[in-house]
Amino acid sequence: MRLAENDPIQNEQTGGAEPPMIELAGVTKEYVKPSGEVHTVLRDLHLRMAKGEFCSFVGPTGCGKSTTLGLIAGFEQPTGGTVKIQGEPLQGLNKQAACVFQTDNTFPWKTVIDNVSLGLRLRGISKAEAYDEARVWIERVGLKGFEKHYPHQLSGGMRKRVALAQCLIVQPQILLMDESFSALDVHTRSLMENELLTIWEETSASVVFITHDLEEAIALSDRVIVLTAGPSATIKGDYRIHLPRPRNVSEIRFDPEFLKLHEKIWNDLRDEVMISYEQSYQSR
Amino acid sequence: MSNLISPGSTASVEEVSRRSEMRAKAVKRRFRNLALQAAVFVLVVGSWQLLADWKIIDPFFFSSPKAILLQIADWFQNGTSQGPLYIHFLVTFEETIISFVLGVILGVIAGYALGMSEVLSVIFGPYIQMLNALPRVVLAPIFILWLGLDMSSKVALGVTLTFFVVFFNAFQGVREVDRNLVNNALLLGANKKQLAFHVIIPSALTWILSSLHSSFGFALVGAVVGEFIGATKGLGFLISQAQGAFDTTGVFAAMVLLSVTALIADWAVGCLEKRFIAWRHVKQE
């Protein structure tokens, strides 16, 4: 289904003629607490992500998954190491990225079509042209007929679809997803996961998917990164998911290969979750 | 097939009757509320009239609803002792509108600037708090000394009153903008100006518009208090003249006119609000 040169594994093995889409080179993030203590969130992260790779980050609560995403997006700057996008060190906001947040992305004072076309309008594209393109995306995410609705007239799942269309219309090289589906109910969620895969397979975007749900991570990704428990979290495991695509998210969970992977990664993740639990008990 | 349709059609008949029942109930509720509102009015005004008629309260000090109405009618027909009524009305209205508009514009600009800039808010924050703590009425004599007895001194007073209400709301509105929405717009390629117009101002507008109701009231207070202290025209001036002549009925009549003005203004602001935050008023279907 996907082009061979987009195969992340091949790229990494040949060293990659082109630089990786995202590279974290010894990235460390520290905060100075009001008490003057230095709190290390992330320590010495090394990671290379190929173009078109779907990569999930899992880890116990508070391990710095979202901080990692914030660093890639350029919302925050690392205190050590560099974030490189296509070989270039990232300065300021990441212009190649779009982000679907956990809470709403949609602007409540804009209709669906205005929300979706916003990225194009901000780039100075005429309203008529932006609307035409937006209609295509609205149809692609299955919201045809809702162009003139305001976000609060839509359900949570529909708002996520708007958010997805809003991000993808600008054809980002990198799609960031910060626990994007975690606020949805189970059924809507698996629907949205399938939809995401279908749409993503037509694009060449790399995806950074933050989640606390290991099953979701495995079902969607090419690669699952397990982070250690915070503070000063780092990468504990890096797993390739060789399940065939296209995938059906709700069925793939019963695949024996899936179960094997799940067990393997969970063994890694469980220890970290236990550490995280103990820490939260001790701090109480 | 036929037995499939019939339960459907009975259900729709049921639905129609239920809907009309609901509508009838809503109408009934509306009438009841209106009737209760009218009853309160009749009770208060009626007992005032009766108490004045029976001389339980002194009509010289308390006047009576009938006398007030007659006074207003007389003003409309023959003008006041200080010239035609509409002139006073227009002057007060003009002062109010000008100080409202100026106060809102200045308040929004200052609120936006200080809300966006940490440095500006640190520098000017304490001074604004200090000025706001000052009872604005004490400024009226100063403004009259500086700007004279005509309109500008009243406008100045009205602006100092409206500015702060709008300013604090605009400031808070800008501060409360959802971080995610800002980040989202920035990632989608917004520059500073676009961020302001697409995200920050629409988001702060809810706050600003809710302050307009009270700030219009303050603009009216500014105009009337200013006229009260020193003026040659306006409803406030009319009140102070009536007070000087121990004409309680005149004072009350001017008060009634003022409250009618305030009500009309409140309604106009309400319309403005509906226009600008239409997205909030679209009913869930």
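**Exercise 1. Aromatic pairs**

Task: State how many aromatic pairs the predicted model holds over all chains, and classify the pair formed by Phe54(A) and Trp200(A).

Solution.
1. The search over all chains of this predicted model returns 15 aromatic pairs.
2. For Phe54(A) and Trp200(A), the ring centres are 5.1 Å apart and the planes stand at 90°.
3. A pair requires centres within 6.5 Å, and planes over 60 degrees apart count as edge-to-face. The angle of 90° therefore makes the pair of Phe54(A) and Trp200(A) edge-to-face.
4. Phe54(A) belongs to strand β3 (residues 54-58) of chain A and Trp200(A) to helix α6 (residues 186-202) of chain A, so the pair ties together parts that are 146 residues apart in sequence.

**Exercise 2. Salt bridges**

Task: Determine how many salt bridges the whole structure contains, and which strands are tied together by the pair Arg48(A) and Glu23(A).

Solution.
1. Over all chains, 19 salt bridges are found.
2. One salt bridge joins the side chains of Arg48(A) and Glu23(A), with an N to O distance of 3.8 Å. The cut-off is 4 Å.
3. Arg48(A) is placed in strand β2 (residues 38-49) of chain A and Glu23(A) in strand β1 (residues 22-32) of chain A; the pair therefore ties together parts 25 residues apart in sequence.

**Exercise 3. The interface of chains A and B**

Task: Describe the contact between chain A and chain B by its residues, its buried area and its polar contacts.

Solution.
1. Chain A contributes 29 residues to the contact, and chain B contributes 20 residues.
2. About 2,200 Å² is buried between the two chains, and carbon and sulfur atoms give 62% of this area.
3. On the side of chain A, the residues that lose the most area to chain B are Trp109(A), Leu122(A) and His152(A), together 31% of what that side buries.
4. The interface shows 0 salt bridges, whereas 7 residue pairs are in polar contact across it.
5. At least two residues each come from β6 (97-100), α3 (112-122) and α5 (156-168) of chain A. Of the elements on this side, α3(A) gives the most, with 4 residues.
6. By residue class, the side of chain A that touches chain B comprises 15 nonpolar, 9 polar and 5 charged residues.

**Exercise 4. Annotated spans of chain B**

Task: Relate the UniProt annotations of chain B to the secondary structure of residues 89-269, 127-149 and 251-269.

Solution.
1. An unreviewed UniProt entry assigns "domain: ABC transmembrane type-1" to residues 89-269 of chain B. This span is 87% helix and 0% strand, with its end C-alpha atoms 19 Å apart.
2. The UniProt record (unreviewed entry) also lists spans of chain B as "transmembrane region", among them 127-149 and 251-269.
3. Residues 127-149 of chain B are 70% helix and 0% strand, and the end C-alpha atoms are 29 Å apart.
4. Residues 251-269 of chain B are 100% helix and 0% strand, with end C-alpha atoms 27 Å apart.

**Exercise 5. Backbone geometry**

Task: Locate the cis peptide bond between Arg245(A) and Pro246(A) and the positive phi of Lys55(B).

Solution.
1. The bond joining Arg245(A) and Pro246(A) is cis, with omega about -5°. Pro246(A) sits in the loop between β10 (235-240) and α8 (249-252) of chain A.
2. Lys55(B), although not a glycine, has a positive phi of about 65°. Lys55(B) occupies the loop between α1 (2-53) and α2 (59-62) of chain B.

Definitions and conventions:
Residues numbered from 1 in each chain as written. Chains lettered and ligands numbered in written order. Predicted model: local features only at pLDDT ≥ 70, side-chain atom pairs only at ≥ 80, totals over all residues. Heavy atoms only, no water. Contact = heavy atoms within 4.5 Å. Buried area = accessible area lost by both parts, 1.4 Å probe. Polar contact = N/O pair within 3.5 Å; in protein donor to acceptor, adjacent residues only side chain to side chain. Nonpolar A, V, L, I, M, F, W, Y, C, P; charged D, E, K, R; others polar. UniProt positions renumbered as here; feature names shortened; annotations may be inferred. Phe/Tyr/Trp six-rings, centres within 6.5 Å; stacked < 30°, edge-to-face > 60°.
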